[in-house]
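Here are my comments on the model, as numbered points.

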Amino acid sequence: MSSILNIAAYRFVRIDDAATLRGPIAARAEAAGLKGTVLVAPEGINLFLAGEPSALRGFLAWLEDDARFAGLAAKESWSEAVPFARLKVKLKREIIAFRRDGIDPIRAPAPFVDPPTLKRWLDAGHDDVGRPVVLLDTRNREEVAHGTFDGALTLPIDDFVQLPEALEAERHRLAGATVVSFCTGGIRCEKAAPLLRDLGFGDVRQLEGGILGYFEAVGAAHWQGGCFVFDDRVALSPNLVPVGNPDGQA
């Protein structure tokens with residue numbers, strides 16, 4: 001059993017004191033011996049961290065004492081070594097750069113689809129009202145090359161900010177469909193879904209918990225390959241271990 005706990009978590013929430021909050025978060029994470037990245041912005045928080053399990057869970061418990069982060073849903077995975085070189089806690093304008101004025105997932109979020117419901121729709125070949133389901137991969141082509149859902153709509157983009165323009169050429173594929181956007185942990189599709197809805201791209205939903213949440217809930221169903229992650233493990237299999245792990249064990 002691997003001994004290092006890895007977590008990915010985010011939340012879109014109004015943070016008026018982002019600059020002030022950065023310092024205590026950095027100090028607490030450093031004291032816990034954690035490594036990875038924490039982004040703090042006026043629109044929310046985004047975390048990729050690794051460390052000794054009790055220390056990391058203690059850090060999350062401390063963070064959740066702030067009502068803005070209460071019940072923060074963290075996707076967990078395990079590794080034999082810490083997959084980050086150092087700790088970085090950064091103040092940003094956005095927790096995921098999109099550079100689109102007026103996009104506010106706090107004020108106007110798109111509805112979620114939980115992993116078991118999505119699997120049921122994919123098993124059936126349609127949603128609960130008989131509409132076709134289009135899975136929209138909001139990740140870049142490097143990430144997609146490691147794996148994606150069967151039949152997903154993937155885009156030739158290298159950066160998330162290119163997604164709206166790239167989608168214009170695929171508008172015909174989304175007409176009359178229930179569109180379920182997805183990404184690694186959910187943050188990009190949660191940021192993009194309100195814009196796509198406003199632009200008229202059908203009935204847009206987002207996959208709750210992203211790919212990692214889907215793996216945790218239902219495993220490999222309708223998925224091919226691994227999922228790229230932003231650390232030294234490179235990609236995880238649907239059982240949440242690094243791709244190529246010979247014994248398949250966490």
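1. Burial is used throughout, so its cut-offs come first: buried means under 20% relative accessible area, exposed over 50%, and partly exposed in between, with a 1.4 Å probe and protein chains only. By that scale Leu 240 is buried, because its relative accessibility is 12%. Leu 240 sits in the segment after strand 13 (235-236), and its phi is near 65°, a positive value in a residue other than glycine. Helices (H or I, at least four residues) and strands (E, at least two) are DSSP runs, numbered from the N terminus.

2. On provenance: this is a predicted model, in which local features need pLDDT of at least 70 and side-chain atom pairs count only at pLDDT 80 or more, while totals for chains, interfaces and linings use all residues. Residues are numbered from 1 along each chain as its sequence is written, and side-chain values use heavy atoms, with hydrogens and water left out.

3. Grid points are joined across faces, edges and corners, and a volume is the space filled by probe spheres set on the points. For residue classes, Ala, Val, Leu, Ile, Met, Phe, Trp, Tyr, Cys and Pro count as nonpolar, Asp, Glu, Lys and Arg as charged, and the others, Gly among them, as polar.

4. How many cavities of 30 Å³ or more does a search of the whole structure find? The search finds 1. The volume of the largest cavity is about 140 Å³. Its lining comprises 17 residues, with Ala 8, Phe 48, Ser 77, Leu 212 and Arg 233 nearest the centre. At least two lining residues come from each of strand 1 (4-12), strand 3 and strand 4 (75-79). The classes in this lining are 10 nonpolar, 3 polar and 4 charged.

5. Leu 212, one of the residues nearest the centre of the largest cavity, belongs to helix 8 (residues 210-218). Leu 212 is buried, since its relative accessible area is 9%. Contact means heavy atoms within 4.5 Å; leaving out residues up to four places away in sequence, Leu 212 touches Ala 8, Lys 75, Thr 184, Cys 227, Val 229, Leu 236 and Leu 240.

6. Just after helix 8, Gly 219 has a positive phi of about 80°. In the loop between helix 8 and strand 11 (223-225) lies His 222. Its phi, near 70°, is positive in a residue other than glycine. With 25% relative accessibility, His 222 counts as partly exposed.

7. The largest pocket holds about 950 Å³ of space. Of its 40 lining residues, Leu 39, Glu 94, Ile 95, Ile 96 and Ala 97 lie nearest the centre. Strand 1, strand 2 (35-41), strand 3 and helix 7 (187-198) are the elements that give two or more residues to this lining. It divides into 17 nonpolar, 6 polar and 17 charged residues.

8. The second largest pocket has a volume of about 320 Å³. Tyr 10, Ala 73, Lys 75, Glu 208 and Gly 209 are the closest to its centre among 14 lining residues. Strand 1 and helix 8 each give two or more residues to that lining, which has 5 nonpolar, 4 polar and 5 charged residues.

9. Helix 2 (residues 53-64) has 12 residues and should span 16 Å at 1.5 Å a residue, which agrees with its end C-alpha atoms being 16 Å apart; the expected span is 1.5 Å times one less than the number of residues. Its buried residues are Pro 53, Leu 56, Phe 59, Leu 60 and Leu 63. They cover an arc of only 135° around the axis, so they are on the same side of helix 2; the arc is that of the directions from the helix axis to the C-beta atoms. These buried residues pack against strand 1, helix 1 (18-31), strand 3 and strand 4.

10. Gly 51 is in strand 3 (residues 44-51) and counts as buried because its relative accessibility is 2%. Not counting residues up to four places away in sequence, Gly 51 touches Ile 4, Leu 5, Leu 34 and Leu 56.

How values were computed. On a 1 Å grid over the protein atoms alone, a cavity is a set of points where a 1.4 Å probe fits but cannot get out, and a pocket is an open set with protein on both sides within 12 Å along at least five of seven lines; lining residues have an atom within 4 Å of a point.
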